[in-house]
Amino acid sequence: MISMIKHDIKIDESFYKVEEIRQLTDETFSLKLPRARFAFKAGQHISLGIHGDYQSREYSIYSGANDENLEVLVKEVENGYFTPKLRKLKVGDLVEIHGPFGKFGMEPHLALSGKFVFIASGTGIAPFRSMVRTYPEIDYTLIHGVRYSNEAYDRHEYASDRYILCSSRDQKGTYNGRLTGYLKNCTFVPETHFYLCGNSDMIFDALEILKDKGFERDQIHCEVYF
Amino acid sequence: MNSTSIKKVAFKTLGCRLNQYETDALVTDFDKAGYQLVGVDESPDVVVVNTCTVTNQSDQKSRTTISQAARANSNAVVVVTGCMANNFKEKLESQDNITFVVENNRKSSILSLVDAHFLGEILHPNQLPQDVFRYEPVQKSLHTRSAVKIQDGCDNFCTFCIIPMVRGRAVSRPVAEVLESVRKTIENGFKEVVITGVNIGRYEDGAARFEDLLAQILEVPGDFRVRISSLEPDGFGDRFVDLFKHPKLMPHLHLCLQSGSDKTLLRMRRMYDVAQFRKTVNLFRSVYPDFNFTTDIIVGFPGETDEEFQDTIDAVKEFNFSHVHTFKYSVRRGTRAERLENHIPEKIKTERSAQIRELSEENKKQYLNSFIGKTQQVLVEKITQGIANGYGQHYVPVRFKAAGVQKNTVYTIRLTEIRGVGENMYLFGELND
Ligand SMILES: Cc1cc2nc3c(=O)[nH]c(=O)nc-3n(C[C@H](O)[C@H](O)[C@H](O)COP(=O)(O)OP(=O)(O)OC[C@H]3O[C@@H](n4cnc5c(N)ncnc54)[C@H](O)[C@@H]3O)c2cc1C
Ligand code: SF4
């Protein structure tokens, strides 16, 4: 039996050394890696692997397209397969990255002319941070649903009048309750583009609310995490 | 190669049309190089097994096919390629009955590998060039219709699908190469070209999108018909609908719905909803009322409730798919759905699958019935026991008496009755003089 090299890619191109780990809450952290060796559009994701493990997982890119580092935002899932392993990574460890993938996001020239509403649950905020960092002039409102207000990851980076925190388990959000409760009472101009990211239940409910408000499915873009 | 040393090659193909196309292209390669094409039971010197790993059943089938082919031909060079070669590479490589394991992106160079083997050179599969579009236009095929591959890979990451892991990112073949391949395929005598790829709606070569490519393919001179293999419902507009006015483009689409429930679709990470799908179907049928839609449906996806399944039943009825390729959901290792909660018991999946199949047969009967008394242009694919078999423009199966009829030729057939049952139902007709 003739054996073959395991991967058909150049090994050095897809491996990145962890440069920094930012602990954002007890469960959530970001992995800072060297600058991306590929061009990406804000909103895209990568697939991340750990050396020696057969599985990989997708993560939205958390950094801006022109940032010094490639960064991802990860929440450790209890009894999860992959995130507990990511959690154990240390500065200097290698991760394997493929990408960029996906169509979630706007064409760069539209980012500066459109009106955007970003709707995220939990770590679903990741692609929106990338968009805001990539297009600092973008006209957006970010509605972020979390359980506890300490999950408002890097909130100081968003203008306070553009960031709406909906916290369902404490009273410290802009709105106390689920983001869908907040969304029901909102009004938006007809030409708004909506970007929804996070778990499929939230996305399903938010889609129903937006469709009820008369928005076309074609103006609503979704990225489902789980 | 002189006649005393003519080598015999056999192929076994599992899975999708893309795999079938790739086998056809390999048949052409081996044929041109002087190999004789034989069956696996005719003592071949080389057996190529083109595997599939889309479901657990296809895994099992691929494994069985490999061992049967290897056992029956213990002296043959056994080449295993296809998605299983990507997904279970190490395991396959450790099997003594397999000579080479060649991943999808090197598949097109299998002839070089086998030739080198017979010449006594040691060529490792990893020395083969990687190019998913290296295939020669098909000349000699196991079929009369020939596929042209325009795209490979997919990065949609639907939660149930292993393809993004085994076929890699989406890549498109340059327009000029596709057109050249179509031209050669027509020169080689094929009357029907099937546009193939993993997710062809995502075709993108510079500014050219799928519709632009299709428009150019239709303008290639010659007497041939064009079909589209299978499409994701990725939002098609008026331009795409308009293209079907072209006489070369056949009025049939296999548009993969997968589920009729918006909630299930989101759990599958399919980013359209039933209303968008409806819009596409209605748009087509408002222009071409008898347009044929077929689809894929997965039943028993994790968390699929009775209500969600009912939505799928309703959708199959509403959209009148003339055929539904029904899959019982099966876990693929390494996919996201593997880790989803609420997996559905096998018994329920089987019941749901039976219901969809039954509906599919009813729909098919109704659809075929609507052609009785009408004519179809039938491309004859095979003639057995005096009966010609082929498909009409709408991809309806047609048979008729073959007196004076030739293979690979189009005939106008007046359709008179439905024959056969279930999956094997077809239209019977007569030559329309
Ligand atoms: C395109 C895409 C982009 C993604 N981007 C991110 C990202 O930027 N950050 C991120 O943390 N995750 C992201 N995810 C989810 C990520 O890929 C993994 O699913 C997640 O990290 C859990 O992996 P795991 O192996 O630990 O859990 P698994 O063992 O796979 O268990 C999965 C279960 O955990 C739950 N779960 C999955 N993801 C989350 C989550 N983020 N929060 C809470 N519960 C969850 C679900 O119930 C799921 O069924 C993304 C997914 C996709 C498809
Ligand atoms: S669109 Fe989804 S189902 Fe189709 S190949 Fe891509 S990931 Fe698989």
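Q: Before we dig in, what are the ground rules here?
A: This is a predicted model, where local features need pLDDT of at least 70, side-chain atom pairs count only at pLDDT 80 or more, and totals for chains, interfaces and linings use all residues. Residues are numbered from 1 along each chain as its sequence is written, chains are lettered from A and ligands numbered from 1 in the order in which they are written, and side-chain values use heavy atoms, with hydrogens and water left out.

Q: OK, salt bridges. How many over all chains?
A: The search of the whole structure turns up 49. A salt bridge here is a side-chain nitrogen of Lys or Arg within 4 Å of a carboxyl oxygen of Asp or Glu.

Q: What does R133(A) pair with?
A: Its partner is D67(A), at 2.6 Å from N to O. R133(A) sits in helix α4 (residues 126–134) of chain A and D67(A) in the loop between β5 (56–60) and β6 (69–75), so the pair ties together parts that are 66 residues apart in sequence. Helices (H or I, at least four residues) and strands (E, at least two) are DSSP runs, numbered from the N terminus.

Q: Is D67(A) buried or exposed?
A: D67(A) counts as buried, at 18% relative accessibility, while R133(A) counts as partly exposed at 34%. Buried means under 20% relative accessible area, exposed over 50%, and partly exposed in between (1.4 Å probe, protein chains only).

Q: Switching to chain B: what does E318(B) bridge to?
A: To R278(B), with the closest N and O atoms 2.6 Å apart. E318(B) is in helix α12 (residues 306–319) and R278(B) in helix α11 (residues 274–287) of chain B, so this pair links parts 40 residues apart in sequence. E318(B) is partly exposed at 39% relative accessibility, and R278(B) is partly exposed at 29%.

Q: And which residues end up in one network through shared partners?
A: R22(A), D67(A), E71(A), R129(A), R133(A), D154(A) and E157(A) are joined by salt bridges that share partners.

Q: What about E103(B), who does that one pair with?
A: E103(B) makes a salt bridge with R106(B), and the closest N and O atoms are 3.7 Å apart. Both E103(B) and R106(B) are buried.

Q: Which residues make the patch of negative charge on the surface?
A: E358(B), E361(B), E362(B) and E423(B) gather there. Patches are made of residues with over 30% relative accessible area and no salt bridge, with like charges joined within 9 Å and nonpolar side chains (Val, Leu, Ile, Met, Phe, Trp, Tyr) within 5 Å. E358(B) is in helix α13 (residues 346–369) of chain B, and is exposed with a relative accessible area of 53%.

Q: How is chain B divided up?
A: Into domain 1 (8–127), domain 2 (146–369) and domain 3 (375–431), with bounds that come from an automatic or database domain assignment. The centres of domain 1 and domain 3 of chain B, taken over C-alpha atoms, are 34 Å apart.

Q: Where is V380(B)?
A: V380(B) is in strand β16 (residues 375–384) of chain B, buried with a relative accessible area of 0%.

Q: What's the phi of N79(A)?
A: Positive, about 65 degrees, although N79(A) is not a glycine. Most residues other than glycine have a negative phi. N79(A) is in the loop between β6 and α2 (83–87) of chain A and counts as exposed, at 69% relative accessibility.

Q: And Y395(B), what's the phi there?
A: Y395(B) also has a positive phi of about 65 degrees without being a glycine. Y395(B) is in the loop between β17 (387–391) and β18 (397–401) of chain B, and counts as buried at 19% relative accessibility.

Notes
Accessible areas come from the Shrake-Rupley method with a 1.4 Å probe; for residues, only the protein chains shown count as cover. Lys and Arg count as positive and Asp and Glu as negative; His and the chain ends are not counted. The place of a charge is taken as NZ of Lys, CZ of Arg, CG of Asp or CD of Glu.
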